[in-house]
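Please look at the sequence and structure before reading on.

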Amino acid sequence: MRRAVALALALSLASPVPARPDAPARAADAPGPAGVSDAAPLPMQEVAPGVFVYAAPYALAGRGNAGAIANVGFVIGRDAVAVIDTGGSLAAGRRLLAALRQRTALPVRYVINTHVHPDHVLGNAAFAGEGTTFVGHRALPEALAARAGDYLRANADLVGPDFAGTRIVPPTLLVSTRLDLDLGGRALHLEAWPTAHTNSDLTVRDGETDTWFLGDLLFVGHVPALDGRLSGWIAVLRALAARPAARVVPGHGPAAVAWPAAAAAIDRYLTTLQAQVRAMVRDGAPIEEAGRAVHDEAGDWALFDDFNARNATTAYHELEWE
């Protein structure tokens, strides 16, 4: 079931996974910046000085959006740039790179992926080249390798011709707990989390502006998508909410939102899902009925019907073993 859920959540990848997941990407292996001049830059918002975010529409990957359906961004330091998530195809990554190049000629020193899902990682190849290091949670290489074939096939079908050239570029710099990255007078603070939204969730905080990229640990407006552990996600979300920040960037939603106020809606959804599915399990309701859970929330979330039943089924599998 988890494999099916992961496939349904997918948005695409492409070309085979490198034989050695820990091998660094080489410029000759990827299209890299070629074609950037032909790419329409993503519309970015400067949410804090030097911090730029693309606020993606609430949509599923499909023809016409190139899988650019997750929030992505970059941070510009004195000497270099860090990109945080890259979109759902090579084409989406090239659009992000084109937007970056409108603002700076500094090298992209790091590409940081906040988790395994294809709408966040499939644009990586647009940035593969000399001097770029790909960064992720310690569990990300294995998670990508396990899902690569399904992700690439599913998203090639969904996205169509715009998926051409997409391939998986796994991280080579892994975060087990915490890691600081230097962009030249500007530090990014990375933190790996226990299994929550996925088993590879990573957050990125810009020390200069106190802007915190939470990836898909935070959904705003877009219904959450559970692909990890419900109880783990609730615990991690509350740990995050206990820490103040000037602003946070959700994985789906506006470019930036106030914190911790933005945690309230997703906390309510997840805890309601937990309570209702737990009651179903206790009362002996079959798993086929799990999709009835949380339907009072339907009007509060975009794409509710696309994800809620799968969330409930995943929660049922977890909670029946409590």
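## A loop residue, Asp210

Asp210 sits in the loop between β10 and β11. Helices (H or I, at least four residues) and strands (E, at least two) are DSSP runs, numbered from the N terminus. The model is a predicted one, in which local features need pLDDT of at least 70 and side-chain atom pairs count only at pLDDT 80 or more, while totals for chains, interfaces and linings use all residues. Residues are numbered from 1 along each chain as its sequence is written, and side-chain values use heavy atoms, with hydrogens and water left out.

With a relative accessible area of 26%, Asp210 is partly exposed. On this scale buried means under 20% relative accessible area, exposed means over 50%, and partly exposed lies in between (1.4 Å probe, protein chains only). Leaving aside residues up to four places away in sequence, Asp210 touches Arg205, Pro244, Ala245, Ala246 and Arg247, where contact means heavy atoms within 4.5 Å. The side chains of Asp210 and Arg205 also make a polar contact at 2.5 Å. A polar contact is a pair of N or O atoms within 3.5 Å; within protein, one must be able to donate a hydrogen and the other to accept it, and residues adjacent in sequence count only if both atoms are side-chain atoms. Ala48 is 162 residues from Asp210 along the chain, and their C-alpha atoms are separated by 8.9 Å.

## The five-stranded sheet

Strands β8, β9, β10, β11 and β12 form an open sheet in the order β8-β9-β10-β11-β12, with mixed pairing. Two strands pair if DSSP finds at least two bridges between them. The edges are β8 (178-182) and β12 (247-252); each has a single partner strand, so one side of each is left without a neighbour in the sheet. From one strand to the next, the twist averages 25 degrees.

Within this sheet, β9 (residues 187-192) and β10 (residues 202-206) run antiparallel and are joined by five bridges. Glu191 stands opposite Thr203 in β10.

Helix α5 (residues 230-241) lies across β10 and β11 (211-219), at about 155 degrees to β11. Axes are lines fitted to C-alpha atoms, for helices over the stretch in contact, and angles run from 0 to 180 degrees between N-to-C directions. The buried residues in α5 are Leu230, Gly232, Trp233, Ile234, Val236, Leu237 and Leu240. Among the elements covering these buried residues are β10, β11, α6 (263-283) and α7.

The expected span of a helix is 1.5 Å times one less than its number of residues. For the twelve residues of α5 this gives 16 Å, which agrees with the 16 Å between its end C-alpha atoms. Helix α7 (residues 304-319) has 16 residues and should span 22 Å; its end C-alpha atoms are 21 Å apart, which agrees. Buried residues of α7 include Phe304, Phe307, Tyr316 and Leu319.

## Salt bridges

A salt bridge is a side-chain nitrogen of Lys or Arg within 4 Å of a carboxyl oxygen of Asp or Glu. By this rule there are 13 salt bridges. One of them links Arg178 and Glu191, whose closest N and O atoms are 3.1 Å apart. Arg178 lies in strand β8 and Glu191 in strand β9, so the pair ties together parts that are 13 residues apart in sequence. Arg178 is exposed, at 58% relative accessible area, whereas Glu191 is buried, at 10%.

Asp150 and Arg153 form another salt bridge (3.0 Å, N to O). Both lie in helix α4 (residues 140-159), three residues apart, or about one turn of the helix. Asp150 is buried at 15% relative accessible area, and Arg153 is exposed at 53%. A further salt bridge joins the side chains of Arg292 and Glu289 (3.1 Å, N to O). Arg292 is partly exposed at 48%, and so is Glu289 at 33%. Salt bridges with shared partners connect Arg178, Glu191 and Arg243 into one network.

## The chain as a whole

The protein chain has seven helices and twelve strands. Of its 322 residues, 57% count as buried. Among contacts with a separation of 6 or more, 72% are between residues 24 or more positions apart.
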